[in-house]
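Here is a short report on one protein structure. Look at the model first, then read on.

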Amino acid sequence: MSARQAEAGAPVRAAPRREITPGAALPLLGFLLLAALFPFLPLGSRAEFLLQIAFFTLVAGIMALSWDILARSGQVSLAHAAFYGLGAYGYALLLKAGLPWLLAMPVAALLAGGVSLILGAVTMRLSGMYFAIATLAFTEVVRTIIQNLPESVAGGATGLLVPALLGGNSRAQYALAWGLLAFTVLVSLAVRLTRLHFAFAAIRQGEETARVLGVSIVRFKLLAFFISSSLAALAGVLYAGKTFFINPLETFSLANSIAPLTTSIFGGLYTTLGPVLGATVLRVAEELLHNSVKDGYLVVYGLVLMLSILWLPRGLMGLRRNRKHGGDL
Amino acid sequence: MTDTLSRTDAAPETAGQELRIEGLAAGYGKVQVLWDVNLHAAPGEFVAVIGANGAGKTTTLRAVSGVVKPSAGRITLGGVDITRAEPSRVVALGLGHVPEGRELFPHMTVRENLDLGAAMSAAARARAAETLGEVYTLFPRLQERAGQLAGTLSGGEQQMVAVGRALMARPSVLVVDEPSLGLSPLMTQTVFEALKAVNAQGVTVVLVEQNVNLSLKLAHRAYVLENGQVVKEGTGAALLADPAVREAYLAL
Amino acid sequence: MTAATTIGGTLSPASQGAEVLRAEGLSKRFGGLKAVQDVSFTHHQGEILAVIGPNGAGKTTLLNLLSGVYRPSAGRLHLMGRDVTDQPMEARCHAGLGRAFQIVRPFPEMTVHENVTVGALFGKPGQRLPEARERAWALLERTGLAAHADKAAHELTLLQDKRLEVARALATNPSVLLLDEVMAGLRPGEAQEAVALVRGVRESGVSVLFIEHIMPVVRDLADRVVVMDQGQVLAQGTYREVTADPRVVSAYLGTEEGLQA
Amino acid sequence: MDLFVQTLVNGLLQSGLYALVASGLALAVGVVGIVNFAHGEYLMIGAFLAWAGSAFLGVDPLLSLPVIAVAVFAIGALTYRVSIRHVLLAPELNQMLLTFGLGILLQNLALMLLGGNTRTVTTPYQASSLQLGDLSVGGPKALAFGLAALLLGALYVVLYRTTLGRQMRAVAQNRRGAQLIGIDVDRVYLIAFGVSCALAAVAGVLVSVLLFASPTVGLVFALKAFAIIVMAGLGNLTGVLWASVLLGVSEALVQTYVPGGGGWSDAVFFLMIFGTLVLRSFRGAR
Amino acid sequence: MKTLLMTGVLLALSGAGAVKVGVLLPLSGAGSVSGQAAKNGYQLALDEINRAGGVLGKPLELEFADDGSAPAKAVPEFVKLVTVEKVDFMAGGVSSATSIAVSGPAKQYGTFMAWIGAAAVPVEDAFADHPYFFHYHPWSYYNFEAILGYFKYLKTYKKAKTIAIAYEDGPFGSAGIDATVDAFRKAGFNVVMTEKFKTGSGNFGPLVSKAKAAKPDILYWVGYDTDALPLATEIKQQNLQLGLLYGTPPSWPVGFEKNSLSDNVAGLSLWLSTSPNKDSRTFVAAYKKKYGTVTDEYFAPLAYVNLKTLAAAINRAGTTDKAKVAAEMAKTNVSTPFGQLTFSPSLKTKYQGFKAGNWLHFQYLGDARVPVFPIKFAQKPMVYGK
């Protein structure tokens, strides 16, 4: 119809360069492979110790990635400690009720997902700071409720002992954490490669425009909540099963909400690799700092976060040369 | 070059300054709005800039006050280059801006809005009481409403506040952007009368307007802006008589 | 979508078509401000209808009432024979209403193709991703954006942005397309291209309602014109008719009264 | 009945501190448009400076208060210059991360330099109290409340009666309008952020007298301040006063009248925030 | 002479074969005050042990690790000490949550643990079947036993009848609160108030108002150092008349004794720097010599005793074999700054060190903490307000 097209004669179709190619998944696959092989690497005497670090890194990765999935729909949550805690408590209580752990784990995740729908429904119209504070308030309320339930129900403020995951076998625990991270990565990829990506990204980048284009924000915002909180709850299950003990103060602490946020921003928002990579780099950096600067390592850590925002606003993923929009996983 | 049109009845208490724009290009992000604007207002002159929506009138004024940074060209105010100066400096040099949409401080009283106008220079502060009296003379309504929040005023009253606020700095050049927007004819008339009176005191006035008839009647000289360029200039009367102006507006 | 090059040229008197959009006494108040008052008009199948008026006349508020950004304080709105007054934006989209914004609002972190895919995927219920992608391609070709499909939206020129805005709205497969000053900021040559684009849209069977300031564009494009002033409808008719109306002229050029200098 | 009045007084006294901390935060949010998650850390700095002045120089915290306010104003202005200023146009998320990082940095700097111990300040008026019949009002608390009220009054006088204050409000209400009448917006931002930090520090001085100084003392107050400014509506300074009183009194009521209320008072408050936000969002819907 | 020289050289050269003890402490985070105090105690003990010839003829080595007061950090650090640093014994441990978290790897590696802190009951559950778990700090129920003993004394001699309880809503304050109330009632007290508060919030106004209405003889508060001054201030300000304000924070605010508000406040401690006990005086002198100051944190002498007794047990066993060292350790019977230390079973674990009898009750009198109960340790008569 246009003059441009008339000149060209036949319709031109540019090669879909920016479509996601299998190649884009290579770094991610590489990461997962490396993580899978980690227990078998010849690390000598440090192997067991590094395996423990790696376990908690995987948990941090699951948390960050799950947070990122929610953030992709424009919802910047400070409620991830609540989902984490709900997962941990749900799991512990289901075990107490006699469920086998393999069943307790997914049921706890789904329960947290269900609760998140309530939160999602009432915060539907909030954005920015208001949304953040509302989700923070939700976390506080959930924590207080659990803390004030009779001790016989959920351990009260003292907390609950949780049976060791997989009999305390650290390799098996690592394998399970790896599996759950891989599952989270798969979910994240599924979100990235299906219609969900278009819905989430459109809502985030222009909620009104998205609605004008027919995107049902209610459905997709809630879906983002459900997916994200269920995954965060799985991280909580891993934590509970690894440390044998949960209490409201620690599982619902603000730090558990803030860590996935900072990790994702540091790694690179709205990507699958970014949050996972961010978790790894930050955890390794923390460990190295811990051993080198000892007393002041958290000072340096804070400084690193600040500098990364000032010099690296798009996170680690922004370091890749020729990064163009759209092609990232 | 426009000497013949200078007002003879002006008794310049405030000395007007010259505003000169040469080869101005500017825009927002990827949207270039001004391509090559040349415009001049002699001291004490009343110049109107007319043109259809999107022609670049507002952008021209914003470039003058330093809110929009030009990509090319030169702007001088009383001979001083202000091309990329910060807005605070431009105001200090004597420019008063009555912006489109008034840009008042809605939760402050009328009086506070006016006082702020005089706050930025020591000279204006020193004469603030006197200037306030002049503004109240110009707009008696503002005195009645002095304690009312600006956001609760009618559109016309808000426009008065915007003009008054700019005058409080005792500017030598006053640029006014679409003062009649959303105003009743009666209110429009009040505002325009005030502008005329201000100009009569020697202040250079550059008026951007969509109300062609009224502004051309008022102005000594006028420019027609189209697609970011000046396409016509002449005395107000000459342009008013020019059928091409009307056609440009209504695409007859 | 039918091919873009159909029987071109002649502006058929569209008022014979079925009605696609009918506003009955739409009003909107913001606090004390009556932004839109008692606006009624009918938009027919295949018609290009322009809404014009001086700055602040209430045009954009009207468009927001039509697309569902605001709920009206009074009045009803019918779309394709259905009352959609209380429907949210996404439901109106599903019912056949498309909209392009005055200030282009591409999703900045998506490619051009992805931007259009959003419209194709969610514009009507039950669309699947592969088909939506294909339709997005087709639309990019129609709107001359195919060569830029993989660019990020922020890499486009303004004209391309406008094309994208239209392509994305078209991707929702609308019966009526609302265009909000899509010519704003374009140079004359570009505006001509945009006019051709809008004509093409109509020829593909979509009715168009647009707001515009650039009068030559209105003259060249509109079958019928609704003139607004101070939130009310001042006049309706062909371009020639309304510009001959002295009330319209004075709304545009200002009153001649007053100020006997 | 006496218990009820005493409860109201308890709540009211507590609200002065809340208002002081929240006003500073509201100033940063309203004028500069930055949500400073490190706000509590400036309170902590103020508390430690007061403690240091008292412990090492023997200066009463209330006497060192003006010096501390000026010092922390300078620290805040410096913070603005080297960090905040560079993210003013960045996405909200990046601003959040920056101030989170700042908070971690400052808190751990204090921990590294001073250790985690709780420090207390000794003042002669600490144990004083006013008795009004059965009603008793703690001396330092009343003093702190009075000082907070005085400072807030002064803040309001500055904001409403001085040129600088009007400039701040002008920038908050209409940034472009402020620019166009010649206000140096960057300078106003710097001052507003500095004042915001100074207000937190002043609250910190009072906290050191009433409670204690420790590296984590800021968190409790910062969290409440966030809740208060959100409840008041971001940047609404007058609303901050009401929300602070509401928080203080509702806390006191819950603590007094709900069995085991001390454990519930936070939850009740956050529930109120949550409810306010949600209600407002649905009422705001067209 | 020659042999002595040789021994010295051997001592210097034989680092590789030295006995290594891993010490896991909260050096940062919430528990860092106790952790840092313990670290000082360990280092003092290390100096003395090595000056006296080390362990098994070689200098003893300590490997410190920071658990950050967080279970997720404690687990890797514990594993690092055991598998990388290959320590022979583990010591330290302050927080209950981190201690429970490391119970997994501890059982997996059969780690020998000489543990100083972690008084919460779930810790006892977590280590119930661990064969090499030596717990120095009394379990929380022993604390309570001690408190009840003191209160019963007050009941008999000071006619204290009513108790108001204020406890922080976290795990420290809330643990077993119902049992506490029951026990007081059973002992014939009237519990007139049981109130939670949020630690660190400093807002005690409503709580004290409520207490005032309840007119208790004793206000028993379970909280942290941050709550001490605000509570004391509020009580004074609202003019709440008490027989005794009694608190059990893990540590007290720095300089609290100099504040007049601390006057007559009573508390519980395993140890006081002013204790007349000979071992305590020796410890204080040694500590002052090394660090130039006196500490009031009982975790410093506790850590000191912990390492000294462990080293002694190893030396007696003549080997690092866990079973043999455990057997020797179980026979420990030494005098310490806390009184005599022996190990005997607790409710669930096999080797419990200090128990209820080791607790001291003190009062802030003048500018110091002064032991007032048990009477045989009292340096001054207690001040009872009613």
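## A pair of facing residues

E:Tyr246 stands opposite E:Ala266, which lies in strand 10 of chain E. Strand 9 (residues 244-247) and strand 10 (residues 266-269) of chain E run parallel and are joined by two bridges. Two strands pair if DSSP finds at least two bridges between them. Strands (E, at least two residues) and helices (H or I, at least four) are DSSP runs, numbered from the N terminus.

This is a predicted model: local features need pLDDT of at least 70, side-chain atom pairs count only at pLDDT 80 or more, and totals for chains, interfaces and linings use all residues. Residues are numbered from 1 along each chain as its sequence is written, chains are lettered from A and ligands numbered from 1 in the order in which they are written, and side-chain values use heavy atoms, leaving out hydrogens and water.

## The sheet around them

In chain E, seven strands form an open sheet with mixed pairing, in the order 7-6-8-9-10-14-15. Strand 7 (190-197) and strand 15 (368-373) of chain E stand at the edges; each has a single partner strand, so one side of each is left without a neighbour in the sheet.

## A helix on the sheet

Helix 11 (residues 225-237) of chain E packs on this sheet. Helix 11 touches strand 7, strand 8 (218-222) and strand 9 of chain E; contact means heavy atoms within 4.5 Å. The direction of helix 11 makes about 155° with that of strand 8 of chain E. Axes are lines fitted to C-alpha atoms, for helices over the stretch in contact, and angles run from 0 to 180 degrees between N-to-C directions.
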